[in-house]
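Student: Could we go through this model together? I would like to begin with packing and then turn to charged pairs.

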Amino acid sequence: MRTYLLFLSLCLGVGVMAGKYSRDVNEVSNDSKKAVEFRIAKLNQVWEKANRMQLTPVRLSELHSDLKIQEKDELQWKKLKAEGLDETGEREAKLRRNFNVILAKYGMDGKKDNRALDSNTLKDHDIKEGDIFDDPRLDKLWNKAKTSGKFSEEELQSLRREFQHHKDKIHEYNIVLDTVSRTEEIHKNVISPVEGEGKQSDLHEKHSDLKQRMRDLNQGFERLRKISHEGFSADNEFKEPRVIELWEMARRSNLTEDELDSLKEELKHFETKVEKHQHYQEQLEYSHQKLQHVEALGDKEHITRHKEKYNNLAEKAREMGYKMKKHLQDITNKLSQNGLQHNEL
């Protein structure tokens with residue numbers, strides 16, 4: 001009898017383990033959800049790795065926001081897939097591409113970040129004193145604008161943000177270029193015609209993305225060149241580079257006057273979120289510096305108090321970052337439905 005009971009309990013145990021294993025491996029189990037940041041296992045792995053790396057608090061906060069957007073998109077896709085609404089696998093391919101871009105963006109793709117030194121990327125020059133944007137055309141333009149006397153201190157700060165935004169877009173372009181190059185290498189080794197067809201389609205989409213990014217970069221540089229030579233227009237609607245870019249995209253679209261007026265109001269709200277997010281990031285950086293100073297002094301009571309303040313700011317920065325990026329995604333999706341392509345990195 002005892003042997004029979006032992007055998008029965010073993011069978012039940014194996015059954016429970018098998019059920020546990022058969023869950024979707026990308027989903028975090030209910031028991032562990034409270035202890036982790038994300039509902040998808042691979043995103044938690046990325047977040048845990050990032051916390052072991054020496055990322056700045058602001059970079060860590062940005063990564064958290066990007067992973068939250070990725071989580072939202074992947075969970076939405078799983079529902080669509082269950083309803084049979086992604087038969088071509090197009091959305092899945094886009095999610096995979098976005099995830100790979102996140103890994104590359106934060107230096108977690110297992111590759112040494114030498115993109116800036118790669119002659120195939122949009123940087124092929126020696127770094128000189130005074131170069132702050134890692135691009136000869138940008139640095140030349142910035143130095144001319146800075147010494148032209150056309151800009152007040154406040155306008156120079158706004159212009160510098162626009163230059164920095166353009167620099168970030170160049171970096172993003174180089175990341176995508178790098179992922180396309182690696183995909184092409186993988187594609188060369190594909191033997192199966194069916195698999196090759198899927199890879200070819202994915203590759204074609206990536207090349208289209210690259211072309212659109214290059215067009216955006218050219219338009220962005222022309223805008224910077226015009227502002228640097230002529231100064232800011234008196235009738236500027238917005239101050240933030242991302243918002244200005246979205247507004248110019250909208251004006252090139254086939255939106256009606258009423259729709260443009262409505263979007264303008266929405267962009268004003270979005271710009272407020274961008275400014276609030278920047279404020280939290282600045283406060284987070286300052287709080288981190290203070291925490292490091294207090295930790296060096298070794299006062300436990302002060303350390304505890306500053307750590308709590310720092311953690312609260314980090315949480316607010318992440319939350320605001322997610323809200324801002326989600327709003328950006330919503331606006332760019334609206335614009336794409338009106339016949340405009342866009343990039344949301």
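Student: Which residues does Phe151 touch, not counting residues up to four places away in sequence?

Tutor: Phe151 touches Ala145, Leu156, Leu159, Ile227, Ser228, Gly231 and Phe232 once residues up to four places away in sequence are set aside. A contact here means heavy atoms within 4.5 Å. The model is a predicted one, in which local features need pLDDT of at least 70 and side-chain atom pairs count only at pLDDT 80 or more, while totals for chains, interfaces and linings use all residues. Residues are numbered from 1 along each chain as its sequence is written, and side-chain values use heavy atoms, with hydrogens and water left out.

Student: How many residues does the largest nonpolar core have?

Tutor: The largest nonpolar core has 23 residues, and Phe151 is one of those with the most contacts inside it, together with Leu138, Trp142, Leu159, Phe163, Leu210 and Leu224. Such a core is a set of buried Ala, Val, Leu, Ile, Met, Phe, Trp, Tyr and Cys residues joined through side-chain atoms within 4.5 Å. Buried means under 20% relative accessible area, exposed means over 50%, and partly exposed lies in between (1.4 Å probe, protein chains only).

Student: Which elements give two or more residues to this core?

Tutor: They are helix H4 (90-105), helix H5 (136-147), helix H6 (153-188) and H7. H6 gives the most to this core, with nine residues. Helices are DSSP runs of H or I with at least four residues, strands are runs of E with at least two, and both are numbered from the N terminus.

Student: Which residues does a second core include?

Tutor: A second, separate core has 17 residues, including Val274, Met324, Ile331 and Leu335. Met324 is located in helix H10. Its relative accessible area is 1%, so Met324 is buried.

Student: What does Met324 touch?

Tutor: Leaving out residues up to four places away in sequence, Met324 touches Arg242, Phe270, Lys273, Val274 and His277. Met324 and Phe270 are 54 residues apart in sequence, and their C-alpha atoms are 7.0 Å apart in space.

Student: Let us step back to the whole protein. How many helices and strands are there?

Tutor: The protein has 10 helices and zero strands. Buried residues make up 39% of its 345 residues. Among contacts with a separation of 6 or more, 69% come from residues 24 or more positions apart.

Student: What does the accessible surface come to?

Tutor: The accessible surface of the protein is about 21600 Å², and 50% of that belongs to carbon and sulfur atoms. Accessible areas come from the Shrake-Rupley method with a 1.4 Å probe, and for residues only the protein chains shown count as cover.

Student: Now H8. Which of its residues are buried?

Tutor: In H8, the buried residues are Pro241, Val243, Ile244, Leu246, Trp247, Met249 and Ala250.

Student: What span should the 12 residues of helix H8 have?

Tutor: Helix H8 (residues 241-252) should span 16 Å at 1.5 Å a residue, and its end C-alpha atoms are 17 Å apart, which agrees. The expected span is 1.5 Å times one less than the number of residues in the helix.

Student: On to charges. What is the count of salt bridges?

Tutor: The count comes to 17 salt bridges, each being a side-chain nitrogen of Lys or Arg within 4 Å of a carboxyl oxygen of Asp or Glu.

Student: Where do Lys264 and Glu237 lie?

Tutor: The side chains of Lys264 and Glu237 meet in a salt bridge at 3.5 Å, N to O. This pair links distant parts of the chain, with Lys264 in helix H9 (residues 257-297) and Glu237 in the loop between helix H7 (193-230) and H8, 27 residues apart. Lys264 is buried at a relative accessible area of 18%, whereas Glu237 is partly exposed at 39%.

Student: And what do the side chains of Glu275 and Lys239 form?

Tutor: They meet in a salt bridge at 3.6 Å, N to O. Glu275 is in helix H9 and Lys239 in the loop between H7 and H8, 36 residues apart, and the pair links distant parts of the chain. Glu275 is partly exposed at 30% relative accessibility, and Lys239 is partly exposed with a relative accessible area of 44%.

Student: How many residues apart are Lys323 and Glu319?

Tutor: Both lie in helix H10 (residues 300-336), four residues apart, about one turn of the helix. Lys323 forms a salt bridge with Glu319, with the closest N and O atoms 3.4 Å apart.
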